[in-house]
Amino acid sequence: HIDPIGTVVMPLIMLLMNPGFFLGWAKPVPFNPMNLKNLRRDPVLIALAGPASNLLLALAATIALRIAVTIFGVEPVVYGPVGALLSQLIFINALLLLFNLIPLPPLDGHYVLHYFLPEGGKRILDSIGPFGIIIVLIVVINTPLLSVPLEALITALGHMALWGAS
């Protein structure tokens with residue numbers, strides 16, 4: 001699953017350059033289409049497994065934050081290392097959830113969109129493939145595509161973790 005460029009070289013370059021954000025990737029998880037019962041639907045379910053795991057991890061960190069706040073109080077947790085760690089887990093998993101749902105190849109969201117498109121649309125989407133990650137980066141960096149839903153999701157999870165705590 002490790003991509004030599006995306007998992008090793010690019011993160012090292014990003015670490016050395018310190019651009020304010022981190023970029024890396026892995027090879028897609030291979031699956032054998034012969035093991036699928038429904039060749040049209042099942043790739044979508046496989047693609048949704050990653051974002052679903054990010055959602056579950058964000059929710060688990062939210063619940064852990066809620067438990068910690070309930071036991072120890074808001075200030076010691078929120079301003080301490082436990083709160084910082086759990087907040088980062090929530091943020092990273094919420095960001096990965098939304099990022100991977102962008103409907104452009106090679107991201108998981110393109111499998112979902114692919115399912116709903118007519119054949120002509122599928123061909124167009126497939127033709128974007130080699131340029132997909134470049135398009136995604138240009139759009140994400142230059143638009144609020146992720147910032148608006150990310151802020152809403154983080155706010156909702158924050159309310160879940162801290163609602164009623166004093």
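What follows is a short exchange on the terms used for this chain.

Modeller: This is a predicted model, in which local features need pLDDT of at least 70, side-chain atom pairs count only at pLDDT 80 or more, and totals for chains, interfaces and linings use all residues. Residues are numbered from 1 along each chain as its sequence is written, and side-chain values use heavy atoms, with hydrogens and water left out.

Biologist: What makes the pattern of the chain α-α-α-α-α-α-α-α?

Modeller: The chain has eight helices and zero strands. Helices (H or I, at least four residues) and strands (E, at least two) are DSSP runs, numbered from the N terminus. Read along the sequence, that gives α-α-α-α-α-α-α-α. The C-alpha atoms fill a box of roughly 55 × 40 × 30 Å along the principal axes.

Biologist: Why are helix 5 and helix 6 called roughly antiparallel?

Modeller: Their axes cross at roughly 160 degrees and come within 8 Å. Axes are lines fitted to C-alpha atoms, for helices over the stretch in contact, and angles run from 0 to 180 degrees between N-to-C directions. Angles under 35 degrees count as roughly parallel, over 145 as roughly antiparallel, 65 to 115 as roughly perpendicular and the rest as oblique. Helix 5 and helix 6 are therefore roughly antiparallel. Their crossing is left-handed (the near helix is turned anticlockwise from the far one by less than a right angle; clockwise would be right-handed).

Biologist: Which residues of helix 5 and helix 6 meet?

Modeller: H110, L113 and H114 in helix 5 meet K122, L125 and D126 in helix 6. Contact means heavy atoms within 4.5 Å. These residues divide into two nonpolar, two polar and two charged. Ala, Val, Leu, Ile, Met, Phe, Trp, Tyr, Cys and Pro count as nonpolar, Asp, Glu, Lys and Arg as charged, and the others, Gly among them, as polar.

Biologist: How do helix 2 and helix 8 cross?

Modeller: The axes of helix 2 (residues 42-72) and helix 8 (residues 147-162) come within 7 Å and cross at roughly 35 degrees. That crossing is right-handed. A58, L59, T62, L65, R66 and V69 of helix 2 make the contact with L157, M160, A161 and L162 of helix 8. Eight of these residues are nonpolar, one is polar and one is charged.

Biologist: What makes the rings of Y115 and F116 an edge-to-face pair?

Modeller: The count of aromatic pairs comes to one. The ring centres of Y115 and F116 are 5.0 Å apart and the planes are at 85 degrees, so the pair is edge-to-face. Rings of Phe, Tyr and Trp (its six-membered ring) pair if their centres lie within 6.5 Å; planes under 30 degrees apart count as stacked, over 60 as edge-to-face and the rest as tilted.

Biologist: How do you know whether Y115 is buried, exposed or partly exposed?

Modeller: Buried means under 20% relative accessible area, exposed over 50%, partly exposed in between (1.4 Å probe, protein chains only). Y115 has 26%, so Y115 is partly exposed. F116 has 62%, so F116 is exposed. In the chain, buried residues make up 28% of the 166 residues.

Biologist: Why does I2 count as exposed?

Modeller: I2 has 56% relative accessibility, so I2 counts as exposed. I2 is found in the segment before helix 1 (4-17). Leaving aside neighbours within four places in sequence, I2 is in contact with T7, V8 and K27.

Biologist: Where is the cis peptide bond?

Modeller: The cis bond joins P105 and P106, with omega about 10 degrees. P106 is in the loop between helix 4 (81-100) and helix 5 (109-116).
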